[in-house]
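Welcome! Here is a short tour of one protein structure, written for someone meeting it for the first time. Please keep the sequence and the 3D view open as you read.

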Amino acid sequence: DSKQKVDDDSLLLLRMMALFWVVKLAGHSPHFFMEHPGDPARGSPMPHSDVCASFWCTSQCREWIAWTAMKLISFHQCMLGHEVEKYTSAITTFNLQGIDKLWCNHPHRHVNFKGDSSSLARWAPGSNALLIDCIHSAAPLPGAAASSADLPLVLAVEAPPIGHEIVSVGS
């Protein structure tokens, strides 16, 4: 069951990358945001985290970033309103460098969190607000004459778990 979940998460990441590639080949300049748990070797205090699997340290990820000129950012979502630290990394075309290396400075270290895994899977309210602002900034101004070719193309995903995708693809 856990191997299947890992495979499903990997397919979700690859599917988002494939969608971006297809849109680029069609001549568009899509915006992109793909979030996934941060590399355990870089941000986990747990023993043996240096041998955990991570998408972020793969050659595919490094080559993808080089090919697309996207930015890799890492941050703790608690600094954007999440209940727990939630070490997160993302690749994006959006200008989100302001949250790169935004690390938890809470003295309580989130030890009293009383939630379930579904609340842990959600993005922080501040993460949602930042993405909404980025998408809004990429959209044409109201009243401006725009063809479908001028509409922003946005691909975003939250993973894991499967089922929390946000995919909006304009023409």
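## A first stop: the cysteines

At 6% relative accessibility, Cys-78 counts as buried; the word buried stands for under 20% relative accessible area, exposed for over 50%, and partly exposed for what lies in between, with a 1.4 Å probe and protein chains only. The closest cysteine sulfur to that of Cys-78 belongs to Cys-104 and is 3.6 Å away, too far for a bond. A disulfide is a pair of cysteine sulfur atoms within 2.5 Å, and a search of the whole structure finds zero of them. Cys-134 is another buried cysteine, with 13% relative accessibility.

A word on how to read all this: the model is predicted, so local features need pLDDT of at least 70 and side-chain atom pairs count only at pLDDT 80 or more, while totals for chains, interfaces and linings use all residues. Residues are numbered from 1 along each chain as its sequence is written, and side-chain values use heavy atoms, with hydrogens and water left out.

## The overall plan

The protein holds five helices and five strands. Helices (H or I, at least four residues) and strands (E, at least two) are DSSP runs, numbered from the N terminus. Along the sequence they follow the pattern α-β-α-α-β-β-α-α-β-β.

Of the 171 residues, 37% count as buried. The protein exposes about 10,000 Å², and carbon and sulfur atoms supply 59% of that area; accessible areas come from the Shrake-Rupley method with a 1.4 Å probe, and for residues only the protein chains shown count as cover. Contact means heavy atoms within 4.5 Å. Among the contacts with a separation of 6 or more, 65% are between residues 24 or more positions apart.

Helix H5 spans residues 125-138, which makes 14 residues. From its first C-alpha to its last H5 reaches 20 Å, close to the 20 Å expected at 1.5 Å a residue; the expected span is 1.5 Å times one less than the number of residues.

Which residues of H5 are buried? They are Gly-126, Ser-127, Leu-131 and Cys-134. These residues cover an arc of only 135° around the axis, which puts them on the same side of H5; the arc is that of the directions from the helix axis to the C-beta atoms. The cover over the buried residues of H5 includes strand S1 (31-37) and strand S2 (71-76). On the face turned away from the buried side sit the exposed residues Pro-125, Ile-132 and His-136.

## Helix H3 and strand S1

Helix H3 (residues 59-68) has its own buried set: Cys-61, Trp-64, Ile-65 and Thr-68. Seen down the axis of H3, they fall within an arc of 95°, so they line one face of the helix. Helix H1 (2-25), S1, S2 and strand S3 (87-92) are among the elements that cover them. Glu-63 and Ala-66 are exposed on the face of H3 turned away from its buried side.

S1 is mostly covered, with five of its seven residues buried. S1 and S3 run antiparallel and are joined by five bridges; two strands pair if DSSP finds at least two bridges between them. Phe-33, for one, has Thr-92 in S3 as its bridge partner.

## Loops worth a look

Gly-81 lies in the loop between S2 and S3 and is partly exposed at 45% relative accessibility. Gly-81 and Gly-126 are 45 residues apart in sequence, yet 5.9 Å apart in space, C-alpha to C-alpha. Not counting residues up to four places away in sequence, Gly-81 touches Ala-124 and Pro-125. In the loop between S3 and helix H4 (117-121) you will find Trp-103, which is partly exposed at 38%. Leaving aside neighbours within four places in sequence, Trp-103 is in contact with Ser-74, Phe-75, His-76, Met-79 and Tyr-87.

Most residues other than glycine have a negative phi. Lys-86, in the loop between S2 and S3, has a positive phi of about 50° although it is not a glycine. Lys-101, in the loop between S3 and H4, has a positive phi of about 65°. Are these lysines buried or exposed? Lys-86 is buried, with a relative accessible area of 18%, whereas Lys-101 counts as exposed at 55%.
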